[in-house]
Amino acid sequence: MLHENEVPVDGALVRELLRAQRPEWSALSLSPAGAGTENTMYRLGDDLLVRLPRTAGAARSLAKERHWLPRLAPLLGRAVPEPVHAGAPGPGYPLPWSVHRWIDGEEAGPGTVRDWAAFGADLAAFVAQLHAIGLMEATRTADLAWYRGGTLGACAGWVERDFGTCRAGGDTGLDLDTLERLWTAALDLPDSRAPHVWLHGDLKPTNLLVRGGRLHAVIDFGALSVGLPDAEHSTVWDLPAAARHAYWDALGLDDATRARARAWAVAVGVSGIAYYRHTFPAFVDECTARLRAILADAAGA
(Lines give C-alpha, C1' and ligand atoms only; values in the text may rest on other atoms or scores of the structure.)
Protein backbone atom coordinates (compact mmCIF):
# COMPACT_ATOMS: atom_id res chain seq x y z
CA MET A 1 0.00 0.00 0.00
CA LEU A 2 1.51 3.27 -1.16
CA HIS A 3 -1.17 5.71 0.04
CA GLU A 4 -3.15 6.03 3.25
CA ASN A 5 -6.45 6.07 1.37
CA GLU A 6 -5.55 3.30 -1.09
CA VAL A 7 -8.13 0.70 -2.12
CA PRO A 8 -6.57 -2.81 -2.05
CA VAL A 9 -6.86 -4.88 -5.22
CA ASP A 10 -6.08 -8.48 -6.10
CA GLY A 11 -6.87 -10.92 -8.89
CA ALA A 12 -9.94 -12.30 -7.16
CA LEU A 13 -11.46 -8.83 -6.93
CA VAL A 14 -10.78 -8.17 -10.60
CA ARG A 15 -12.53 -11.44 -11.47
CA GLU A 16 -15.58 -10.39 -9.48
CA LEU A 17 -15.74 -7.03 -11.22
CA LEU A 18 -15.52 -8.72 -14.60
CA ARG A 19 -18.16 -11.32 -13.76
CA ALA A 20 -20.56 -8.57 -12.74
CA GLN A 21 -19.90 -6.15 -15.61
CA ARG A 22 -18.26 -8.04 -18.50
CA PRO A 23 -19.05 -11.73 -17.99
CA GLU A 24 -17.82 -12.57 -21.50
CA TRP A 25 -14.30 -11.67 -20.31
CA SER A 26 -14.46 -13.25 -16.85
CA ALA A 27 -12.96 -16.60 -17.87
CA LEU A 28 -9.99 -15.13 -19.74
CA SER A 29 -6.53 -15.55 -18.28
CA LEU A 30 -5.59 -12.87 -15.76
CA SER A 31 -2.08 -11.97 -14.59
CA PRO A 32 -0.42 -8.98 -12.90
CA ALA A 33 0.96 -6.51 -15.45
CA GLY A 34 2.70 -4.01 -13.23
CA ALA A 35 1.80 -1.30 -10.78
CA GLY A 36 2.67 2.37 -10.66
CA THR A 37 2.11 5.06 -8.11
CA GLU A 38 -1.47 5.66 -9.30
CA ASN A 39 -2.76 2.40 -10.83
CA THR A 40 -2.54 -1.38 -10.60
CA MET A 41 -2.70 -3.31 -13.88
CA TYR A 42 -3.69 -6.82 -14.91
CA ARG A 43 -3.36 -8.39 -18.34
CA LEU A 44 -6.65 -9.94 -19.40
CA GLY A 45 -6.38 -12.62 -22.04
CA ASP A 46 -4.06 -11.77 -24.91
CA ASP A 47 -5.60 -8.49 -25.99
CA LEU A 48 -6.77 -6.51 -22.95
CA LEU A 49 -5.41 -4.63 -19.93
CA VAL A 50 -7.40 -3.91 -16.77
CA ARG A 51 -6.37 -0.66 -15.07
CA LEU A 52 -7.51 -0.02 -11.50
CA PRO A 53 -6.77 3.28 -9.74
CA ARG A 54 -5.26 3.03 -6.28
CA THR A 55 -7.15 6.04 -4.91
CA ALA A 56 -10.19 8.19 -5.59
CA GLY A 57 -7.89 10.98 -6.74
CA ALA A 58 -6.25 8.75 -9.34
CA ALA A 59 -9.65 7.55 -10.54
CA ARG A 60 -10.57 11.04 -11.74
CA SER A 61 -8.22 10.61 -14.70
CA LEU A 62 -10.25 7.76 -16.25
CA ALA A 63 -13.02 9.89 -17.70
CA LYS A 64 -10.42 12.27 -19.09
CA GLU A 65 -8.60 9.42 -20.86
CA ARG A 66 -11.83 7.98 -22.27
CA HIS A 67 -12.86 11.35 -23.64
CA TRP A 68 -9.58 12.59 -25.11
CA LEU A 69 -7.50 9.57 -26.13
CA PRO A 70 -9.79 8.61 -29.06
CA ARG A 71 -9.46 12.20 -30.32
CA LEU A 72 -5.70 12.42 -29.91
CA ALA A 73 -4.72 8.93 -31.09
CA PRO A 74 -5.32 9.46 -34.85
CA LEU A 75 -3.06 12.53 -34.76
CA LEU A 76 -0.07 10.79 -33.17
CA GLY A 77 2.59 8.70 -34.86
CA ARG A 78 2.93 6.12 -32.06
CA ALA A 79 0.47 3.75 -30.48
CA VAL A 80 -1.39 5.03 -27.41
CA PRO A 81 -3.91 3.32 -25.12
CA GLU A 82 -7.36 2.56 -26.51
CA PRO A 83 -10.09 2.45 -23.81
CA VAL A 84 -12.68 -0.26 -24.52
CA HIS A 85 -14.65 -0.48 -21.26
CA ALA A 86 -15.57 2.01 -18.56
CA GLY A 87 -15.80 -0.06 -15.39
CA ALA A 88 -18.17 1.00 -12.63
CA PRO A 89 -17.64 0.65 -8.87
CA GLY A 90 -18.60 -2.72 -7.48
CA PRO A 91 -18.55 -4.71 -4.22
CA GLY A 92 -15.11 -4.38 -2.65
CA TYR A 93 -13.99 -1.71 -5.08
CA PRO A 94 -15.73 1.68 -4.77
CA LEU A 95 -13.96 3.38 -7.69
CA PRO A 96 -14.37 3.47 -11.47
CA TRP A 97 -11.85 1.39 -13.44
CA SER A 98 -11.06 0.78 -17.08
CA VAL A 99 -10.09 -1.79 -19.68
CA HIS A 100 -7.77 -0.88 -22.56
CA ARG A 101 -6.48 -2.76 -25.58
CA TRP A 102 -3.20 -4.48 -24.78
CA ILE A 103 -0.18 -2.94 -26.53
CA ASP A 104 2.76 -5.26 -27.14
CA GLY A 105 6.13 -3.82 -26.23
CA GLU A 106 8.82 -3.71 -23.58
CA GLU A 107 9.80 -0.91 -21.25
CA ALA A 108 12.53 1.35 -22.60
CA GLY A 109 15.89 0.35 -21.16
CA PRO A 110 19.40 -0.88 -21.93
CA GLY A 111 18.12 -4.31 -22.96
CA THR A 112 15.44 -3.05 -25.35
CA VAL A 113 16.68 0.16 -27.02
CA ARG A 114 19.21 -0.34 -29.82
CA ASP A 115 20.24 3.25 -30.45
CA TRP A 116 19.66 5.80 -27.71
CA ALA A 117 20.22 8.81 -29.94
CA ALA A 118 17.56 7.53 -32.35
CA PHE A 119 15.27 6.84 -29.40
CA GLY A 120 15.67 10.41 -28.13
CA ALA A 121 14.82 11.73 -31.59
CA ASP A 122 11.77 9.44 -31.77
CA LEU A 123 10.55 10.70 -28.40
CA ALA A 124 11.09 14.30 -29.48
CA ALA A 125 9.03 13.66 -32.61
CA PHE A 126 6.18 12.28 -30.49
CA VAL A 127 6.30 15.28 -28.16
CA ALA A 128 6.34 17.68 -31.11
CA GLN A 129 3.28 15.96 -32.60
CA LEU A 130 1.40 16.04 -29.31
CA HIS A 131 2.23 19.67 -28.64
CA ALA A 132 1.17 20.66 -32.16
CA ILE A 133 -2.34 19.23 -31.85
CA GLY A 134 -5.02 21.87 -31.58
CA LEU A 135 -6.63 22.13 -28.16
CA MET A 136 -10.12 21.33 -29.48
CA GLU A 137 -11.57 23.90 -27.07
CA ALA A 138 -9.91 22.20 -24.10
CA THR A 139 -8.64 24.60 -21.44
CA ARG A 140 -6.49 24.35 -18.36
CA THR A 141 -9.35 23.66 -15.97
CA ALA A 142 -10.57 20.77 -13.81
CA ASP A 143 -8.82 17.49 -14.70
CA LEU A 144 -6.77 19.15 -17.44
CA ALA A 145 -5.01 21.41 -14.90
CA TRP A 146 -2.23 18.98 -13.86
CA TYR A 147 0.36 20.89 -11.81
CA ARG A 148 3.28 20.01 -14.14
CA GLY A 149 1.78 22.25 -16.81
CA GLY A 150 1.90 25.29 -14.55
CA THR A 151 4.70 27.51 -13.28
CA LEU A 152 7.58 26.51 -11.02
CA GLY A 153 6.72 29.24 -8.55
CA ALA A 154 3.32 27.70 -7.84
CA CYS A 155 5.11 24.59 -6.50
CA ALA A 156 7.83 26.30 -4.48
CA GLY A 157 6.20 25.59 -1.11
CA TRP A 158 5.96 21.82 -1.41
CA VAL A 159 9.34 21.51 -3.12
CA GLU A 160 11.00 23.33 -0.21
CA ARG A 161 9.13 21.05 2.19
CA ASP A 162 10.27 17.91 0.38
CA PHE A 163 13.89 19.02 0.34
CA GLY A 164 13.55 19.34 4.12
CA THR A 165 11.97 15.88 4.37
CA CYS A 166 14.84 14.35 2.37
CA ARG A 167 17.43 16.00 4.60
CA ALA A 168 15.63 14.95 7.78
CA GLY A 169 15.29 11.36 6.56
CA GLY A 170 19.03 10.68 6.48
CA ASP A 171 21.60 10.21 3.76
CA THR A 172 20.10 10.03 0.28
CA GLY A 173 23.49 9.71 -1.39
CA LEU A 174 22.70 12.92 -3.29
CA ASP A 175 24.12 16.43 -3.21
CA LEU A 176 20.88 18.05 -2.12
CA ASP A 177 22.49 21.48 -1.79
CA THR A 178 23.45 21.55 -5.47
CA LEU A 179 20.04 20.24 -6.51
CA GLU A 180 18.34 22.94 -4.48
CA ARG A 181 20.56 25.61 -6.07
CA LEU A 182 19.53 24.39 -9.52
CA TRP A 183 15.89 24.53 -8.46
CA THR A 184 16.21 28.02 -6.97
CA ALA A 185 18.08 29.37 -9.99
CA ALA A 186 15.24 28.29 -12.26
CA LEU A 187 12.72 30.03 -10.00
CA ASP A 188 14.48 33.31 -10.80
CA LEU A 189 13.96 32.83 -14.55
CA PRO A 190 10.98 34.42 -16.31
CA ASP A 191 8.06 32.04 -16.73
CA SER A 192 7.63 30.50 -20.15
CA ARG A 193 5.71 32.58 -22.67
CA ALA A 194 4.93 29.54 -24.78
CA PRO A 195 1.26 28.90 -25.57
CA HIS A 196 -0.57 26.14 -23.76
CA VAL A 197 -0.29 22.74 -25.43
CA TRP A 198 -1.40 19.17 -24.84
CA LEU A 199 0.90 17.47 -22.31
CA HIS A 200 1.35 13.78 -21.61
CA GLY A 201 2.78 14.75 -18.22
CA ASP A 202 4.84 11.66 -17.34
CA LEU A 203 7.08 10.51 -20.20
CA LYS A 204 9.35 8.34 -18.07
CA PRO A 205 10.79 5.04 -19.42
CA THR A 206 8.11 2.88 -17.79
CA ASN A 207 5.55 4.67 -19.98
CA LEU A 208 7.55 4.26 -23.20
CA LEU A 209 7.21 0.90 -24.94
CA VAL A 210 9.81 -0.42 -27.37
CA ARG A 211 9.52 -2.83 -30.29
CA GLY A 212 12.37 -3.70 -32.60
CA GLY A 213 14.66 -1.45 -30.59
CA ARG A 214 12.65 1.74 -31.36
CA LEU A 215 9.91 3.68 -29.64
CA HIS A 216 6.62 1.95 -30.41
CA ALA A 217 4.01 3.24 -27.96
CA VAL A 218 3.42 5.82 -25.25
CA ILE A 219 1.14 4.69 -22.43
CA ASP A 220 -0.44 5.99 -19.21
CA PHE A 221 -2.11 9.28 -20.04
CA GLY A 222 -3.40 9.71 -16.48
CA ALA A 223 -1.49 13.01 -16.25
CA LEU A 224 -2.83 14.31 -19.57
CA SER A 225 -3.30 18.05 -19.30
CA VAL A 226 -3.18 21.40 -21.05
CA GLY A 227 -0.46 23.82 -20.02
CA LEU A 228 3.06 25.16 -20.41
CA PRO A 229 5.46 22.72 -22.10
CA ASP A 230 8.46 23.01 -19.73
CA ALA A 231 7.73 20.06 -17.45
CA GLU A 232 7.09 17.75 -20.40
CA HIS A 233 10.83 17.80 -21.10
CA SER A 234 11.87 16.93 -17.53
CA THR A 235 11.87 13.14 -17.84
CA VAL A 236 14.69 13.07 -20.41
CA TRP A 237 17.06 12.91 -17.42
CA ASP A 238 15.73 9.36 -16.95
CA LEU A 239 17.36 8.46 -20.28
CA PRO A 240 21.05 8.05 -21.19
CA ALA A 241 22.93 11.16 -22.25
CA ALA A 242 22.82 10.22 -25.95
CA ALA A 243 19.02 10.16 -25.88
CA ARG A 244 18.84 13.33 -23.84
CA HIS A 245 21.03 15.35 -26.20
CA ALA A 246 19.28 14.01 -29.32
CA TYR A 247 15.94 15.01 -27.79
CA TRP A 248 17.13 18.54 -27.02
CA ASP A 249 18.65 18.95 -30.46
CA ALA A 250 15.55 17.67 -32.26
CA LEU A 251 13.27 20.10 -30.43
CA GLY A 252 15.72 23.00 -30.42
CA LEU A 253 15.09 23.80 -26.75
CA ASP A 254 16.65 27.06 -25.57
CA ASP A 255 18.71 27.32 -22.38
CA ALA A 256 15.91 28.82 -20.28
CA THR A 257 13.46 26.06 -21.25
CA ARG A 258 16.04 23.41 -20.43
CA ALA A 259 16.74 25.05 -17.05
CA ARG A 260 13.04 25.11 -16.18
CA ALA A 261 12.66 21.50 -17.37
CA ARG A 262 15.62 20.50 -15.19
CA ALA A 263 14.03 22.24 -12.23
CA TRP A 264 10.85 20.24 -12.80
CA ALA A 265 12.94 17.06 -12.87
CA VAL A 266 14.52 18.07 -9.56
CA ALA A 267 11.15 18.87 -8.01
CA VAL A 268 9.48 15.62 -9.02
CA GLY A 269 12.54 13.54 -8.08
CA VAL A 270 12.90 15.06 -4.62
CA SER A 271 9.16 14.77 -4.05
CA GLY A 272 9.21 11.11 -5.07
CA ILE A 273 11.99 10.30 -2.61
CA ALA A 274 10.30 12.21 0.20
CA TYR A 275 6.89 10.57 -0.30
CA TYR A 276 7.80 6.99 -1.26
CA ARG A 277 11.04 6.40 0.64
CA HIS A 278 9.53 3.77 2.93
CA THR A 279 6.86 2.31 0.63
CA PHE A 280 8.09 2.09 -2.97
CA PRO A 281 11.87 1.49 -3.14
CA ALA A 282 11.88 0.87 -6.90
CA PHE A 283 10.32 4.28 -7.56
CA VAL A 284 12.76 5.93 -5.16
CA ASP A 285 15.58 4.31 -7.14
CA GLU A 286 14.14 5.85 -10.34
CA CYS A 287 14.02 9.28 -8.73
CA THR A 288 17.54 8.91 -7.36
CA ALA A 289 18.93 7.89 -10.76
CA ARG A 290 17.27 10.92 -12.35
CA LEU A 291 18.76 13.29 -9.79
CA ARG A 292 22.21 11.73 -10.17
CA ALA A 293 22.02 12.31 -13.93
CA ILE A 294 21.13 15.95 -13.32
CA LEU A 295 24.09 16.35 -10.97
CA ALA A 296 26.43 14.69 -13.45
CA ASP A 297 25.23 16.99 -16.24
CA ALA A 298 25.63 20.05 -14.02
CA ALA A 299 29.16 19.01 -13.02
CA GLY A 300 30.13 18.62 -16.66
CA ALA A 301 28.59 21.90 -17.81
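**Notebook: helices and strands, one at a time**

I began with helix α7 (residues 241–251), where the buried residues are A243, R244, A246, Y247 and W248. Buried here means under 20% relative accessible area, with exposed over 50% and partly exposed in between (1.4 Å probe, protein chains only). Helices (H or I, at least four residues) and strands (E, at least two) are DSSP runs, numbered from the N terminus.

A note to myself on the source: this is a predicted model, in which local features need pLDDT of at least 70 and side-chain atom pairs count only at pLDDT 80 or more, while totals for chains, interfaces and linings use all residues. Residues are numbered from 1 along each chain as its sequence is written, and side-chain values use heavy atoms, with hydrogens and water left out.

**Entry: around α7**

What do the buried residues of α7 pack against? I found α4, α8 and α9 (contact means heavy atoms within 4.5 Å).

**Entry: α8 and α9**

Next I looked at helix α8 (residues 255–276) and helix α9 (residues 281–300), whose axes come within 9 Å and cross at roughly 150°. That makes α8 roughly antiparallel to α9. For the axes, lines are fitted to C-alpha atoms, for helices over the stretch in contact, and angles run from 0 to 180 degrees between N-to-C directions. Angles under 35 degrees count as roughly parallel, over 145 as roughly antiparallel, 65 to 115 as roughly perpendicular and the rest as oblique.

I then listed residues that meet: among them are V266, V270 and I273 in α8, and F283, V284 and L291 in α9. By class, this contact of α8 with α9 has 12 nonpolar, 3 polar and 2 charged residues. The classes go like this: Ala, Val, Leu, Ile, Met, Phe, Trp, Tyr, Cys and Pro are nonpolar, Asp, Glu, Lys and Arg are charged, and the others, Gly among them, are polar.

**Entry: α6 and α9**

How do the axes of α6 (residues 176–187) and α9 cross? They come within 10 Å and cross at roughly 75°, so α6 and α9 are roughly perpendicular to each other. T178, L179 and L182 in α6 meet L291, I294, L295 and A298 in α9. I sorted the residues of this contact into 6 nonpolar, 1 polar and no charged.

**Entry: strand β3**

I turned to β3 (residues 48–53), where 6 of 6 residues are buried. L48, V50 and L52 point one way, and L49, R51 and P53 the other way. A handy reminder: in a regular strand the side chains alternate between the two faces of the sheet.

Which strands pair with β3? Strand β2 (residues 39–44) does, antiparallel over 6 bridges, and 4 bridges join β3 to β5 (residues 97–101), also antiparallel. Two strands pair if DSSP finds at least two bridges between them. N39 stands opposite P53, and V50 stands opposite V99 in β5. The hairpin of β2 and β3 has 3 residues between the strands, and there G45 takes a positive phi near 60°.

**Entry: the sheet of β6, β8 and β9**

Last, I traced an open sheet of 3 strands, in the order β6-β8-β9, with antiparallel pairing. β6 (106–107) and β9 (214–218) stand at the edges with a single partner strand each, so one side of each has no neighbour in the sheet. I counted 2 bridges joining β6 to β8 (residues 208–211), and E107 has L209 as its bridge partner in β8. Helix α4 (residues 116–132) lies across β8 and β9, running at about 35° to β9.
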